[in-house]
Amino acid sequence: MNITGYNIAILGLGSWGITLANLLVENGYFVNVWENDKSRAEKLMKTKKFDLLDWINISEKIEISNDMLKIIKNANIIIFAVPSNVIRKVAEILYSISLKNNLSFKNTIFVNVSKGIEEKTYFSMTDIIADVLKLDTSQIFALSGPTHAEELSKKIITTCTIAGENIETLKLLQNIFSNNYFRVYTTLDLVGVELGGAAKNIIAIAAGIIDGLNLGDNTKAALITRGLVEISRLGIARGAKKETFYGLSGLGDLIVTCSSKHSRNRYFGEKLGKGENPDEILKNMSMVVEGVLNAKSIYNLSKNHNLDMPIINEIYHIIYENKSPKKSIQDLMNRDLKEEILN
């Protein structure tokens, strides 16, 4: 069901931003996209091709510009599709533009699609947007789930969850994003959806380590199961609902990120498992590995809550303290035996 009259601005022209832009145009909406790099914006506007998704064309109906004011000035909906480590900076640019041009976001709907927890503040991505733009969190929503752009851009059937505090706006966004190959569910558990999206990237690094060490399906199944327990443990401590972590933005996203060839977090972990240095791996990757950033913030957040999160602890030690992945696995397996508790 298309709802006419909505102009949508997307901040960020990566794989996910382009995929959503094409999808929303197909759904019948006006879409403009902001790209931080001026020369890149001009090139993409001219060629309508993106090297990481070279099998698709960017719709001719999509306006691409480095001029953020031009992109957002008539927008009813603004989507943040930039990496988590720059979302505060992009929000600050947006806020500065709004002040200079006397723009009000009172009736604007914001949607975040990046996944992370800020290191020093422990803010979620929607918390950052609300903080910088001085908005009530009821205006800000999170779209999350098992959604690799490489597949959705090919119109391979995909489902995800949209989370927020306002049920009427949730239903509106659900209808705006959904079509015959992209199905969106709603939830009021914004905390759970955002934590699940951030923490699963760390578990995916562990899954890659398993692949790099040529361990088996049994090992990965154990990792996913126990990793989900750690994620839900942190979520509950932060006020989320336990059942959220067994849905699309929890278990669903965890499965696809731990197993997919498209997962850069899993790929990074695979290189770690093969003995490569974390810094060297990152130097050779063209995309942000969110799990590396989140490993530090979520490790420290779990310590603040005095939570037992052994897998996430070990990934932190591997990345930031150069611990051997094999030693980490030995230490995990040699912990005191206990009853299986699923929270």
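Start with the charged side chains: the structure holds 18 salt bridges, each a side-chain nitrogen of Lys or Arg within 4 Å of a carboxyl oxygen of Asp or Glu. Before you click further, note that this is a predicted model, in which local features need pLDDT of at least 70 and side-chain atom pairs count only at pLDDT 80 or more, while totals for chains, interfaces and linings use all residues. Residues are numbered from 1 along each chain as its sequence is written, and side-chain values use heavy atoms, with hydrogens and water left out.

**Stop 1: salt bridges**

Select lysine 338 and aspartate 308, a salt bridge whose closest N and O atoms are 3.6 Å apart. Lysine 338 sits in the segment after helix H15 (325-333) and aspartate 308 in the loop between helix H13 (290-304) and helix H14 (310-321), so this pair ties together parts that are 30 residues apart in sequence. Helices here are DSSP runs of H or I with at least four residues, strands are runs of E with at least two, and both are numbered from the N terminus. Lysine 338 is exposed at 57% relative accessibility, while aspartate 308 is partly exposed at 40%. For these words, buried means under 20% relative accessible area, exposed over 50%, and partly exposed in between, with a 1.4 Å probe and protein chains only.

Next, centre on lysine 323. Glutamate 314 meets lysine 323 in a salt bridge of 2.8 Å, N to O, and aspartate 331 forms another with lysine 323, with 2.7 Å between the closest N and O atoms. Glutamate 314 is buried, at 11% relative accessible area; aspartate 331 is partly exposed, at 25%. Then select Asp211, Lys220, Arg266, Glu270 and Lys274, which salt bridges with shared partners join into one network.

**Stop 2: aromatic rings**

Now colour the aromatic side chains. There are four aromatic pairs, counted where ring centres of Phe, Tyr or Trp (its six-membered ring) lie within 6.5 Å; planes under 30 degrees apart are stacked, over 60 edge-to-face, and the rest tilted. Phenylalanine 80 and phenylalanine 110 have ring centres 6.4 Å apart and planes at 40°, so the pair is tilted. Phenylalanine 80 belongs to strand E4 (residues 77-80) and phenylalanine 110 to strand E5 (residues 109-112), 30 residues apart. Phenylalanine 80 is buried at 0%, and phenylalanine 110 is buried at 0%.

How are the rings of tyrosine 299 and tyrosine 316 arranged? Their centres are 3.8 Å apart and their planes at 0°, so the pair is stacked. Tyrosine 299 lies in helix H13 and tyrosine 316 in helix H14, 17 residues apart. Tyrosine 299 is buried at 12%, and tyrosine 316 is buried at 13%.

**Stop 3: the cavity**

Show Asn112, Val113, Ser114, Lys115, Gly116, Ala142, Leu143, Ser144, Val193, Glu194 and Gly197, the lining of the largest cavity. A cavity is a set of points on a 1 Å grid over the protein atoms alone where a 1.4 Å probe fits but cannot get out, and lining residues have an atom within 4 Å of a point. The volume of this largest cavity is about 60 Å³. Strand E6 (140-144) and helix H8 (190-212) each supply at least two of its lining residues.

**Stop 4: cysteines**

Finally, select cysteine 160 and cysteine 258. The structure holds zero disulfides, a disulfide being a pair of cysteine sulfur atoms within 2.5 Å. For cysteine 160, the nearest cysteine sulfur is that of cysteine 258, 19 Å away. Cysteine 160 is buried at 0% relative accessibility, and cysteine 258 is buried at 0%.

Definitions and conventions: On a 1 Å grid over the protein atoms alone, a cavity is a set of points where a 1.4 Å probe fits but cannot get out, and a pocket is an open set with protein on both sides within 12 Å along at least five of seven lines; lining residues have an atom within 4 Å of a point. Grid points are joined across faces, edges and corners, and a volume is the space filled by probe spheres set on the points.
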